[in-house]
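The following note sets out points for a colleague examining the model. Please read it with the sequence and the structure open.

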Amino acid sequence: MSKPSRFYRDIDGILLLDKALGVSSNAALQQARALFNAAKAGHAGSLDPLASGLLPVCFGQATKVCGRLASFLGEQQQVPPMHSALKFEGKRLYELARRGESVEREPRRIFIHRIARVRLERAELEFDVYCSKGTYIRTLAGDVANRLGTLGYVRGLRRLTLDPFDDLPMYTMEQLAERSHAARDEVLLPSDRAFPDLPRVDLDPGAVAALLQGRTVAARQRAAPGELRAYDDGGRFLGVVQGAPEGRVRPVRLFVDVAAS
């Protein structure tokens, strides 16, 4: 088993980490960062320590992805639980909850796309949920139990996928540690894999240089309104741009090292 060195390097990409049970999202992030010797790292979509499963870990330029990403079905309002990472007057709610304090929380709009029973045995119910960002499954489980006229708690919670990484493999820390450094890097996804829904535009070399200076430029294709993925002649992903008047584009978030370009 190879061990990480103390030398941190500039590396870009998205790791689909299969977070272990009992590990916080930040602890898993730091473990992955050390394993890849990454100078810069962040994660998208937190999981609490009692949940396992998919935690996208972003390295280098890909860290810019992190901020992006009635009936039980459809749109509804959900009150966040006290044991959550949301803040109240500068303090995390779970910090207040651990001190036995409770504060009023504003409901948040969520969307449940699908909920399906997987298994029902005596007092245990297992179900799959496909939901929007910001949904608290523990709160949903309590609501389901209440609808059934009983009480309940979450015994196990595992995230299987996260848009836009459906049907892609994820890796445990043990699987990653068993790989060589080169083989480990091969599992990283490029940053643009986080934006499959955005149309693509290509830029000429002169336009690339101007875009990296923060200027509005013309694309080879007539740019449509809205956000787009921009690329140079070599197919390098430059970043997310916004369609401007007369088919031009302006930078929104660049994913290249401007100083090195």
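Which residue in β14 does G239 stand opposite? The first point takes this up.

1. G239 stands opposite L254 in β14. Helices (H or I, at least four residues) and strands (E, at least two) are DSSP runs, numbered from the N terminus. This is a predicted model, in which local features need pLDDT of at least 70 and side-chain atom pairs count only at pLDDT 80 or more, while totals for chains, interfaces and linings use all residues. Residues are numbered from 1 along each chain as its sequence is written, and side-chain values use heavy atoms, with hydrogens and water left out.

2. β13 and β14 pair in the antiparallel sense over five bridges; two strands count as paired if DSSP finds at least two bridges between them. They form a hairpin with four residues between them, and E246 in the turn has a positive phi of about 65 degrees. β14 (residues 248-254) also pairs with β11 (residues 217-218), in the antiparallel sense over two bridges. There, A218 has R248 of β14 as its bridge partner.

3. An open sheet of three strands runs in the order β4-β7-β8, with antiparallel pairing. β4 and β8 are its edge strands, each pairing on one side only. On average, neighbouring strands of this sheet are turned by 55 degrees against each other, direction ignored; axes are lines fitted to C-alpha atoms, for helices over the stretch in contact, and angles run from 0 to 180 degrees between N-to-C directions. β4 and β7 are joined by five bridges, and the bridge partner of Q77 in β7 is R109.

4. Helix α3 packs on the sheet, touching β4, β7 and β8, where contact means heavy atoms within 4.5 Å. The direction of α3 makes about 125 degrees with that of β8. In α3 (residues 137-147), the buried residues are T139, L140, A141, V144 and A145; buried means under 20% relative accessible area, exposed over 50%, and partly exposed in between (1.4 Å probe, protein chains only). Just after α3, G149 takes a positive phi of about 80 degrees.

5. The largest nonpolar core has 20 residues, of which I14, L16, V65, F165, A194 and F195 touch the most other members. Such a core is a set of buried Ala, Val, Leu, Ile, Met, Phe, Trp, Tyr and Cys residues joined through side-chain atoms within 4.5 Å. β1 (13-19), β3 (51-59) and β13 (237-243) are the elements giving two or more residues to this core. A second, separate core of 19 residues includes I11, L29, A32 and Y171.
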